Amino acid sequence: MAQWWRSAAGHLRSVKANCTSSLSSLRCSHYHTIQAIPRESTGNKVAARDRMQGRIPAVVFFQNLLDKTPDSRSTSRKHLLTVEKKQIKAVLNSIEAPFFCSTRFPLQIRAGSGSTHLLESGTVLPIKIHKDKESGNILNLVFVWAEDGTNLKVDVPVVFKGEDACPGLQKGGILNKIRPSLTYLCPSEHIPSKIEVDISNLDIEDRIFMRDIEVHPSLKLLSKNENMPICKIVSTSVGNQEPGVESAFDERNAETSK
């Protein structure tokens, strides 16, 4: 098993999602085919035993199982699994933890540890990593099936670049990162591993809004108001406020502008 495995205020030139990242991430992820074996039972004692054996409890299902409408839920292909802790740690070190839940991976479910008998395989997307608050150890993982053509709700991390050339920052301003991620409904094959936001042309008080982001046309932003800011360059005096104050101010302004 161990062997498997932005044009705000006229200053923005371009704000683009890393549209090619989904392809590059998928290529990269193929080096990490997640190997899993079935687990027949649940419970704290069983989970603790698996962790003692260097394994992490996991589950994979169709995302519509999380829908609030019972009729739209599908329990097919739901599997209780365990995966190797060493492999998951290696994947996190390679993919980088912030992008783990926006990267697809091949999954192979085998009959047992070290078995060559393949029970089922497919492509999955991690949607949750449960960690111990004190130790930081991974307690369990949640995956959803992410075959091509499947639409999935994904929280895509926002990454800011161009800080070294940003006029506002050079004048002593501070970058207020209001939105750490954006939620999209994405066809699985077009999920971007991250949204890159270029702030290299922003001055003091300039902002970048959700509406400024360019992504693949198949992606649908799941937000009631695209006029919400993602970030803003604030003066030092404003920047010394608590981050939530500036964020709340921007959100109220955005709501009143609807």
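Is Arg77 buried, partly exposed or exposed? At 26% relative accessibility, Arg77 counts as partly exposed, a class that lies between buried (under 20% relative accessible area) and exposed (over 50%), with a 1.4 Å probe and protein chains only. The model is predicted, so local features need pLDDT of at least 70 and side-chain atom pairs count only at pLDDT 80 or more, while totals for chains, interfaces and linings use all residues. Residues are numbered from 1 along each chain as its sequence is written, and side-chain values use heavy atoms, with hydrogens and water left out.

**Figure 1. Overview of the chain.**
The chain has six helices and 14 strands. Helices (H or I, at least four residues) and strands (E, at least two) are DSSP runs, numbered from the N terminus. Of the 258 residues in the chain, 46% are buried. The accessible surface comes to about 13600 Å², and 49% of this surface belongs to carbon and sulfur atoms. Accessible areas come from the Shrake-Rupley method with a 1.4 Å probe, and for residues only the protein chains shown count as cover.

Arg77 is found in the loop between E3 and E4. Its phi is positive, about 60°, although Arg77 is not a glycine. Most residues other than glycine have a negative phi. Arg77 lies over the face of Trp145, at 3.6 Å from the ring centre. For such a placement, NZ of Lys or CZ of Arg must be within 6 Å of the ring centre and within 35 degrees of the ring normal.

**Figure 2. Salt bridge between Arg77 and Glu147.**
The closest N and O atoms of Arg77 and Glu147 are 3.9 Å apart, and the two residues form a salt bridge (a side-chain nitrogen of Lys or Arg within 4 Å of a carboxyl oxygen of Asp or Glu). Arg77 lies in the loop between strand E3 (55-61) and strand E4 (79-84), and Glu147 in the loop between strand E7 (138-145) and strand E8 (151-161), so the pair ties together parts that are 70 residues apart in sequence. Glu147 is partly exposed, at 26% relative accessibility. The structure holds eight salt bridges.

**Figure 3. Salt bridge between Lys232 and Glu205.**
A salt bridge joins the side chains of Lys232 and Glu205, at 3.1 Å from N to O. Because Lys232 lies in strand E14 (residues 229-234) and Glu205 in the loop between E11 and strand E12 (207-209), the pair ties together parts that are 27 residues apart in sequence. Lys232 is buried, at 3% relative accessibility, whereas Glu205 is partly exposed, with a relative accessible area of 40%. Salt bridges that share partners also join Arg77, Glu120 and Glu147 into one network. Glu205 has a positive phi of about 80°, although it is not a glycine.

Asp198 is found in strand E11 (residues 195-198). Asp198 is buried yet has no salt bridge, and the nearest side chain of opposite charge, Lys161, is 5.3 Å away. In this assignment Lys and Arg count as positive and Asp and Glu as negative, while His and the chain ends are not counted. The side chain of Asp198 makes a polar contact with the side chain of Ser200, at 2.8 Å. A polar contact is a pair of N or O atoms within 3.5 Å; within protein, one must be able to donate a hydrogen and the other to accept it, and residues adjacent in sequence count only if both atoms are side-chain atoms. Lys194 and Glu196 meet through their side chains in a salt bridge of 3.4 Å, N to O.

**Figure 4. Aromatic rings.**
One aromatic pair is found in a search of the whole structure. The ring centres of Phe100 and Phe105 are 5.4 Å apart and the planes lie at 45°, so the pair is tilted. Rings of Phe, Tyr and Trp (its six-membered ring) pair if their centres lie within 6.5 Å; planes under 30 degrees apart count as stacked, over 60 as edge-to-face and the rest as tilted. Phe100 is buried, at 0% relative accessibility, and Phe105 is buried with a relative accessible area of 0%. Elsewhere, Arg211 lies over the face of Phe209, at 4.2 Å from the ring centre.

**Figure 5. Leu80 and Val142.**
Leu80 has its place in strand E4. At 28% relative accessibility, Leu80 counts as partly exposed. The C-alpha atoms of Leu80 and Val142 are separated by 9.8 Å, and the two residues are 62 residues apart along the chain.
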